[in-house]
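Please consult the sequence and the three-dimensional view while reading.

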Amino acid sequence: MRIRDLFDLGRPVFSFEFFPPKDDSGVDALFGRIQELRRLRPDFVSVTYGAGGSTRDRTIALVSRIQREIGLTAMAHLTCVGHTKEELAAVAQTLHDAGVRNVLALRGDPPKGESAFRAVEGGFRYASELVGFLEENFDFCVGGACYPETHVECRDHALDLAHLKIKVDAGVDFLVTQLFFDNADYFRFVDSARAAGITVPIVPGLMPVTNLEQIQRFTKMCGAKLPEPLLKRLERCAGDPVEVFRVGCDHATAQARELLDRGAPGVHFYTLNRSTATREVYKRLLE
Ligand SMILES: Cc1cc2nc3c(=O)[nH]c(=O)nc-3n(C[C@H](O)[C@H](O)[C@H](O)COP(=O)(O)OP(=O)(O)OC[C@H]3O[C@@H](n4cnc5c(N)ncnc54)[C@H](O)[C@@H]3O)c2cc1C
């Protein structure tokens, strides 16, 4: 199933994102958790693409296995980091041969220890170049990333949006946002994207908070903000994991309900490989 076709079904599209574990026993455990999640019938699941080596092989293997053995529509993330065009073509071909038909085409973050992204010789500088390459040479449904609060390297809204338009025009079928906690940022972003002529579905990406320190680290890294009222609520119960879980799930549920009520095409959950919080929020949404 190509993900772009799901948006024509006239109902919200739900998806769960995972990352490839470090070793084979972790992969088996995660695979079991994804099998469990199948009962919740997400529309698709996706697996992130890491910085290199065996974790990349695990992404390819995991996506192929989810598609083949669990029968869930699976999307492979793919980044330009450290890859030449030929290497990207080889990864794309392997995915295609395994029956994977959906790819989230990304530039990727700079590798650990490096402050800026640098394309390898014969590689791509921007995700838009990867999108165009996939569009020209394969028949994937291609997703792209977008940033309601702008990308960390481009704090100028209009410029970041102009770059996004180039990416979408290169062949993006749908967009998934970076995580955010204030829906106003999403609605404002969608309005400006539509005004700029970007018409593809823009799926909000949500992460139910289960740990304050962790979320502070993430938001700092990706440039998203933690709204003051949510931060205060989390700080008040920081020593009580059960209460943090409740506050995190309540916030994510309220966010998702409002987003869907006001026309968002679905919700993409950043699960961090732990399905408990996502499952809780998702169940509440289906009630
Ligand atoms: C849903 C989602 C999933 C992700 N999954 C992964 C993953 O699996 N693995 C991983 O490593 N990272 C992942 N990331 C993080 C992502 O790789 C980083 O945010 C990265 O820094 C940017 O990737 P991009 O594809 O958005 O890049 P791009 O769209 O290329 O944008 C990167 C920067 O370049 C600028 N830019 C774009 N085009 C141009 C142009 N033509 N001229 C000048 N400037 C330009 C943009 O404004 C932006 O600042 C994910 C992010 C999201 C939102």
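## The surroundings of the ligand

In this predicted model, 23 residues lie around the ligand, and those that come nearest are T48, H77, R107, A127 and C154. Among the contributors, α6 gives the most, with four residues. Sorted by class, the shell holds nine nonpolar, nine polar and five charged residues.

## The chain as a whole

The chain contains 11 helices and eight strands. The eight strands form a closed barrel in the order β1-β2-β3-β4-β5-β6-β7-β8, and their pairing is parallel. From one strand to the next, the twist averages 25°.

The C-alpha trace of the chain spans about 50 × 45 × 45 Å along its principal axes. A compact globule of 287 residues would have a radius of gyration near 19 Å, and the value of 18 Å for the chain agrees with this. Of the 287 residues, 40% count as buried.

On one side of the pairing, β3 and β4 run parallel and are joined over five bridges. Within this pairing, M75 has N102 of β4 as its bridge partner. The chain passes from β3 through α4 to β4, and this β-α-β crossover is right-handed.

Strand β4 also pairs in the parallel sense with β5 (residues 141–146), here over three bridges. V103 has V142 of β5 as its bridge partner, and L104 stands opposite G143 in β5. The elements β4, α5 and β5 together make a right-handed β-α-β unit.

A right-handed β-α-β unit is made by β5, α6 and β6.

How many residues of β6 are buried? The strand is mostly covered, with six of its six residues buried. Strand β6 pairs in turn with β7 (residues 202–206), in the parallel sense and over three bridges. In this pairing, V176 stands opposite V203 in β7.

| Strands | Sense | Bridges |
|---|---|---|
| β3 and β4 | parallel | five bridges |
| β4 and β5 | parallel | three bridges |
| β6 and β7 | parallel | three bridges |

## Individual residues outside the strands

Some residues in loops and helices also deserve a description. R41 is found in the loop between α2 (24–38) and β2 (44–47). The phi angle of R41 is near 50°, a positive value in a residue other than glycine. Is R41 buried or exposed? R41 counts as exposed because it has 10 C-beta neighbours inside 10 Å, and the limit for this class is 12 or fewer.

L272 lies in the loop between β8 (266–270) and α11 (275–286). The phi angle of L272 is near 55°, again a positive value in a residue other than glycine. With 17 C-beta neighbours inside 10 Å, L272 counts as partly exposed.

E87 belongs to helix α4 (residues 85–97), the helix through which the chain crosses from β3 to β4. Because E87 has 14 C-beta neighbours inside 10 Å, this residue counts as partly exposed. E87 and G123 are 36 residues apart in sequence, and their C-alpha atoms are 8.9 Å apart in space.

Conventions:
Residues numbered from 1 in each chain as written. Predicted model: local features only at pLDDT ≥ 70, side-chain atom pairs only at ≥ 80, totals over all residues. Near = placed C-beta within 6 Å. Helix = DSSP H or I, 4+ residues; strand = E, 2+ residues; numbered from the N terminus. Nonpolar A, V, L, I, M, F, W, Y, C, P; charged D, E, K, R; others polar. Pairing = 2+ DSSP bridges. Axes fitted to C-alpha atoms, helices over the stretch in contact; angles between N-to-C directions. Buried ≥ 20, exposed ≤ 12 C-beta atoms within 10 Å, placed from the backbone. Right-handed = clockwise from strand over helix to strand, strands pointing away. Rg over C-alpha atoms; globule rule 2.2 N^0.38 Å.
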